[in-house]
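Reader: Could you walk me through this one, please? I would like to go through the contacts and the strands step by step.

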Amino acid sequence: MENLMIAGRTFQSRLMVGTGKYSSFSQMKDALDASGAEIVTVAVRRVNLDEREESLLAYINLDKYVLLPNTAGCRTAEEAVRTARLARAAGLSNWVKLEVIPDDGTLLPDPVATVEAAEMLVKEGFVVLPYTSDDHHVARRLLDVGCATIMPFGSAIGTGQGLPNPERLKRIIDMVAGRVPVVIDAGIGVPSDASLAMELGADAVLINTAIAKSANPVKMAKAMALGVEAGHLAYLSGRIPRTEVASPSSPEIGLVGSTS
Amino acid sequence: MMDIYVNGKTRSIEENTTIEQLIERLHLAHERIAVEHNRSILEAAQFFNVVLKAGDTLEIVRFVGGG
């Protein structure tokens, strides 16, 4: 099976995972291991100077995982660019998961600001993986400005509603046509959602909440990895066409007691 | 002593403190952090030769869990 390639780097796993919302860092570490993921997202926040906090990075083996800092919480292109620059200055990655989300109620990305920020960051040498809606033309703009992936949502962040509009995602996958990987990011609730995303021809999926907030994140991480693998194998195998008429799977001749 | 602003809060520090010294005093010398000084981002190699002045604004960030 061919590997996932992003900005010249190859990956065996087609599952990317987030590091938020776990009940402890050690649980997160175990879930990351169980997921088989090689790309993990992190957020950038002010250091708490009033009390010492444990370091997330103490639980992430940087020889094993590529760190993908996000710009979550940024409401404007300017904030996102500033946060991306800070993330890069930390010296671990020039990759950025670009998110520009003006309101907390919907967590819907601002398409205009996302394209603006993506263009600036690409010019500054960032590898930009933008979180976007399933809007076809926004995806095309992001491709045009040189993003390293297109990451349309399945459904709203953290909702676990799966992929209510698979045909919109399929249209984006067809439009991108293999030029960069398409990663379905957000909304996945169960492995069948992840599998469906991959069956549509997505190159990878990114999951956080559905693993971290499940009753058993380590098992769910493994389940998601299997869902991604199953869906990708199915995509490569080529599904049968849907038909209106039933057709038996067993031979129609040689039935016991038949007269012909 | 003089006041600077670190992560949105006033902080009183000795004059002629460098960013490197401040980071050590904040017990962050061994943390993977990034620093923005008066809205311009510093490389780690610059920490030792930037001397803070009264009224300077710093943002000191790190990576936390996120999706």
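Predicted model: local features only at pLDDT ≥ 70, side-chain atom pairs only at ≥ 80, totals over all residues.

Reader: How many salt bridges does the rule find across the interface of chain B and chain A?

Author: A search of the whole structure, over all chains, gives 17 salt bridges. Across the interface of chain B and chain A, the rule finds 5.

Reader: Which element gives the most to the side of chain B that touches chain A?

Author: Strands are DSSP runs (E, at least two residues) and helices are runs of H or I with at least four, numbered from the N terminus. The elements giving two or more residues to that side are β2 (9-13), β3 (33-37), β4 (40-42) and β5 (57-65) of chain B. With 7 residues, the top contributor is β5(B).

Reader: Which residue in β5(B) is the bridge partner of Arg45(A)?

Author: Two strands pair if DSSP finds at least two bridges between them. Strand β4 (residues 39-46) of chain A pairs with β5(B) in the antiparallel sense over 5 bridges. In β5(B), Arg45(A) has as its bridge partner Arg62(B).

Reader: What area do chain B and chain A bury between them?

Author: In terms of contact (heavy atoms within 4.5 Å), 26 residues of chain B meet 33 residues of chain A. Buried area is the accessible area (1.4 Å probe) that two parts lose on being put together, summed over both. With 57% of it on carbon and sulfur atoms, the total is about 2700 Å².

Reader: Which are the edge strands of the open sheet of 3 strands in chain A?

Author: The strand order is β6-β7-β8 (chain A), with parallel pairing. Strand β7 (residues 127-132) of chain A is joined to β8(A) by 2 bridges, and Thr132(A) stands opposite Pro152(A). Pairing on one side only, the edge strands are β6 (95-98) and β8 (151-152) of chain A.

Reader: Which helix holds both Lys29(A) and Asp33(A)?

Author: Lys29(A) and Asp33(A) form a salt bridge, with closest N and O atoms 3.6 Å apart. These residues are 4 apart, about one turn of the helix, and both lie in α1 (residues 25-35) of chain A.

Terms used: Residues numbered from 1 in each chain as written. Chains lettered and ligands numbered in written order. Heavy atoms only, no water. Salt bridge = Lys/Arg side-chain N within 4 Å of Asp/Glu carboxyl O.
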